[in-house]
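Thanks for making the time this morning. I would like to walk you through some packing and some charged pairs, so please bring up the chain on your screens.

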Amino acid sequence: MSAATRRLTTAQALVRFLAAQYAERDGVRHRLITGTWGIFGHGNVAGLGQALVEYADVMPYHQGRSEQAMVHAAVGHARQLNRLRVQAVTTSIGPGATNLVTGAALATVNRLPVLLLPGDYFASHAADPLLQQLEHPVEADVSVNDALRPVSRYFDRVTRPEALVASALKAVRVLTDPAETGAVTLALPQDVQSEAHDWPEEFFADRVWHVRRPAPDPEELAEAVRAVRAAERPLIVAGGGVHHSEAEQALKALVDATGIPVASTQAGKGALRHDHPADLGGIGHTGTAVSDELARTADLVIGVGTRYSDFTTASGTLFQRPDVRFLNLNITAFDAHKLAARTLVCDARSGLTALAEALSGHRVDAAYEAEYRAGKARWEETVRAALRADDDGAVPTQTQVLGALDAVVGDEDVVINAAGSLPGDLHKLWRARSPRQYHLEYGYSCMGYEIPAALGVQQAAPDTPVWALVGDGTYLMNPTEIVTAVQENLPVKLVLVQNHGYASIGGLSESVGAERFGTDYRHRAADGSFTGAPLPVDLAANAASLGMDVLRAKTVRELREALVAARAATRPTCVYVETAPPSAALPAEAWWDVPVAEVSAREAATAARTAYERSVADRRHHL
């Protein structure tokens, strides 16, 4: 007797298959693909578009305005849900597909799962070349989707209906693999999408993918325990892997038992609550003084779920003790081996739990504990001074904007940011109260991430206040998903900070001798110089024109009132504030390598090069 089959188009089969996939971890099962974002064109409207209409009862659809933004929304959604649930994104062939590349890179850099389903050329080449097809003179199987190969963790072009079975299974395997996940791309030729095939019924059966928690190797664990017990000044660097593994309580248990202090990367902030005695805040170029001071004298650095970006290591200049060694607990061997470390290749929660049990009775010296607690107390005074506004009638500085928001948010609120000058201030100053509150995308630091990511987070946590913090530069990159927020009735809160230019890059430009060139939003005179007058651009009016309720705040008092109103709002709301220059900007506590011109006729560049050479001399190769 032949096995039962179902006759569907390739696109219909894919949607039915995706709707039947589940992820399970720790005995808890979730629907894996929670919905599909889409913008339709001739490369997907007749295939996936028709399938999504036919199966709207099992696959929710979300209409986006920008292909890149749709990926950002899906990434925010996956991160909020600990990578256990995923959204798909479908686009047309051509610019719709190439617009996915930035979002795919962001997802893969941050190890966050998203399924990309771009349209592609005719597999049959019946229409050749077709509208928007990129022709290659000697490689006829190349399309613009091949640009997604280097930024995808898995890529396939499904050129025959029956090839979908193997490709779909491989795609979901990568999406649910905690060590391999990222952007997954299935390029779908438009004729294949609409072609019918007799599919085995087993393809549409519910399938559960177990998200594993690999335990540490006993020998690696024993070596790690010996290293910790021998260390006099150990320091934990908590990365995003702590959150992905839901290892926050395991980290707290280890720290409570041993007294080892914790500094956090941008992705790891919130691994400990800000008021835990051992939480030292951010580390690296945008870190706190106490974290970076301890990092310079640590004899053992214990990295947990971190990939050690240059911001974390201060471009190789932060960990300065001559005999410093590294112990890296990471689910990927690739990251665990960085900085010539001893490795503990395992799930973060499993590894931390095993380490705590094996270290029973061990605790750092009381003098070391007193030292870092005193440093934490000193830094708290710096934080309070930066966030405080003594004059309610004054125009707020950017750090005072954060202080006003800090006073309004609850423990459950989520604060999202990605690029500009805000990440530095947030990493130093934000007091994270829960594991999901601090949502910084700093692996790719992509301008335009914040607003669409807020949509994905709001979908994942419908009853949670979600804040997107955006500067004027970032806002102008990608405001279009405001319309989607209105259409989907997602009550995201946008804090739009106007400082008339690229504040972060402006400061960096000045420090490297480029004299803030090309970083201001101001009128340009006939001779090419800036007149100093701000452009007559009203970003608040723009947000209102896209459907948001807008609250304008000119003073600290008005800002506080607007933030309270925004938090209570039940529809998308923007708080617009123009900031005053900071009276005393918080300096970087560690270096960051941005190479400076070795020779120049300009005095600013020559002086910057001299400073650069002093700093780069501190770089170490840890062996």
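When I say that residues pack against or contact one another, I mean that their heavy atoms lie within 4.5 Å. Please keep in mind that this is a predicted model.

Let me begin with helix α11, residues 289-297, in which Ala 289, Val 290, Ser 291, Asp 292, Leu 294 and Ala 295 are buried. Those buried residues pack against the strands β12 (234-238), β13 (262-264) and β14 (279-282), and also against helix α15 (366-387).

Next comes a pair of helices, α1 (residues 10-19) and α6 (residues 163-175), whose axes come within 11 Å and cross at roughly 35 degrees, and the crossing is right-handed.

Now to the charged pairs: the structure holds 36 salt bridges. One of them joins Arg 7 to Asp 198, with the closest N and O atoms 3.2 Å apart, and because Arg 7 sits in strand β1 and Asp 198 in strand β10, the pair ties together parts that are 191 residues apart in sequence. Arg 7 is exposed, at 54% relative accessible area, whereas Asp 198 is partly exposed, at 40%.

Another salt bridge pairs Arg 153 with Glu 180, at 2.3 Å from N to O, and both ends lie in loops, 27 residues apart.

Finally, Asp 26, Arg 213, Asp 347 and Arg 349 are linked in a network of salt bridges.

Terms used. Residues numbered from 1 in each chain as written. Predicted model: local features only at pLDDT ≥ 70, side-chain atom pairs only at ≥ 80, totals over all residues. Heavy atoms only, no water. Buried < 20%, exposed > 50% of the residue type's maximum accessible area, 1.4 Å probe, protein only. Helix = DSSP H or I, 4+ residues; strand = E, 2+ residues; numbered from the N terminus. Axes fitted to C-alpha atoms, helices over the stretch in contact; angles between N-to-C directions. Left-handed = near helix turned anticlockwise from the far one by under 90°. Salt bridge = Lys/Arg side-chain N within 4 Å of Asp/Glu carboxyl O.
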